[in-house]
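I opened the model and went through it element by element. The entries below follow the order in which I looked things up.

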Amino acid sequence: MSKTLVISGHPNLAESYTNTVIIDSLQAELDDVSVRCLDVLYPDYNIDVEAEQAALIEADVIVLQFPFYWYSVPALMKKWIDDVMSFNFAYGPEGDKLKGKDFFLSFTIGGPAESYDPLGYNHFTVEQLVFPLQQTAYLAGVNYHKPVYSHRMVYIPNIYNELEDVQARARVHAAQLVSEIEKVTLSDESRLRKFVANWFAQFDLLPEQDDFFVQSLAEDVVMTMPEGNFVGLAGFKDWYQLARQTFKPDCVHDIEQFELKATETGYQIELRIRLKAETYPDSSMKGETIELPVNETWHVSLDEEGKVCIHDYKVVPVVS
Ligand SMILES: Cc1cc2nc3c(=O)[nH]c(=O)nc-3n(C[C@H](O)[C@H](O)[C@H](O)COP(=O)(O)O)c2cc1C
């Protein structure tokens with residue numbers, strides 16, 4: 001089951017009319033959700049970076065929940081981003097801690113939809129205004145999903161809107177976000193994307209024990225590799241030992257492309273992987289540092305519990 005982490009960036013939730021409704025609805029409707037209210041945790045804006053990063057690492061789905069302030073996030077949430085999305089956590093050579101997590105912006109906007117238009121008084125679309133957040137997500141390697149936002153969410157008694165109306169919109173907003181989260185976490189595609197990311201994260205480590213890999217392989221798996229063909233679990237084990245004798249641990253498999261096609265028995269996954277690795281001097285790669293793009297084609301099946309089984313695994317180096 002997926003864990004959702006909601007980071008609330010409202011600077012004063014006690015006086016919120018809509019963000020509180022959204023947060024309460026998410027807590028009621030999502031199975032495994034935790035909420036970190038930055039205004040309660042950090043009234044002095046002094047963010048506990050370690051605690052925030054630990055919470056992010058635990059999560060599969062990250063939601064930044066905030067009221068739109070001056071076309072961006074409130075200062076408290078900006079401070080959280082500046083402090084928490086740090087070097088070697090969210091970016092940099094070891095900054096892969098958020099890679100592959102699903103990421104949503106969820107925010108309430110005061111102005112009406114028609115104002116966020118080249119001809120409206122806000123001139124820019126909402127999507128344009130959140131480009132810096134979208135790029136932050138790209139740099140951190142999270143899966144950036146279409147943001148969920150609602151207009152006309154400001155309530156000032158006798159001036160702007162009716163309380164029942166803004167709170168009804170907040171409930172619709174929460175239901176839409178729940179449905180988007182369920183779509184990405186329960187779909188076969190999302191399961192397979194996560195599986196592939198996890199598979200290569202393990203390959204980066206090249207652990208001595210191969211149990212992690214073997215549990216996801218069919219007994220009659222066929223592996224067509226640049227080094228030759230390997231059949232069955234024994235074949236995989238032979239190939240894995242060869243890989244461990246060639247590549248040093250802590251290599252990097254970047255997943256540059258992922259395409260999925262349904263087949264009669266499950267799915268075909270087409271991947272472009274870029275392997276960056278140090279090799280051992282006594283291996284066929286003679287101690288060279290390599291950067292090798294390969295195309296991979298996998299045939300997999302998924303059982304009812306979402307467990308993946310690989311039946312066919314083909315790797316072809318990309319020749320320029
Ligand atoms: C400091 C501040 C800045 C705001 N900036 C914007 C803005 O740039 N665009 C907009 O449409 N609404 C803006 N609003 C309205 C808020 O987005 C709106 O009040 C909020 O989403 C309502 O959420 P709440 O009920 O949870 O406080 C602003 C409100 C405040 C207090």
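I began at Met225, whose bridge partner in β8 is Gly228. The pairing of β7 (residues 217-225) with β8 (residues 228-231) is antiparallel and runs over four bridges. A hairpin of two residues joins β7 to β8. For the terms, I took two strands as paired if DSSP finds at least two bridges between them. Helices (H or I, at least four residues) and strands (E, at least two) are DSSP runs, numbered from the N terminus.

I noted the conventions next. The model is predicted: local features need pLDDT of at least 70, side-chain atom pairs count only at pLDDT 80 or more, and totals for chains, interfaces and linings use all residues. Residues are numbered from 1 along each chain as its sequence is written.

I then checked β9 against β10 (residues 267-278): they run antiparallel and are joined by ten bridges. Asp254 has Arg274 as its bridge partner in β10.

Contact here requires C-beta atoms, placed from the backbone, within 7 Å.

Gly232. I placed this residue in helix α10 (residues 232-246). Gly232 touches Glu219, Asp220 and Val221, not counting residues up to four places away in sequence. Its C-alpha atom is separated by 6.3 Å from that of Val222, ten residues apart along the chain. Gly232 is partly exposed because it has 15 C-beta neighbours inside 10 Å; the scale is buried at 20 or more other C-beta atoms within 10 Å, exposed at 12 or fewer, and partly exposed in between, with C-beta atoms placed from the backbone.

Cores. I listed the largest nonpolar core, which has 44 residues. Val6, Ile7, Leu26, Ile62, Val63 and Met77 have the most contacts inside it. At least two residues of this core come from each of several elements, including β1 (4-8), α1 (19-29) and α7 (163-186). Apart from it lies another core, of 15 residues, among them Phe230, Ile269, Leu271 and Val300. A nonpolar core is a set of buried Ala, Val, Leu, Ile, Met, Phe, Trp, Tyr and Cys residues joined through C-beta atoms within 7 Å. I also checked Leu26: leaving aside neighbours within four places in sequence, it is in contact with Val6, Val33, Ala174, Leu177 and Val178.

Phi values. Most residues other than glycine have a negative phi, so I looked for exceptions. Trp70 has a positive phi of about 45° and sits in the loop between β3 (61-67) and α4 (75-84). Trp70 counts as exposed because it has 8 C-beta neighbours inside 10 Å. Asn88 has a positive phi of about 65° and is found in the loop between α4 and β4 (102-108).

Technical notes:
Contact = placed C-beta atoms within 7 Å.
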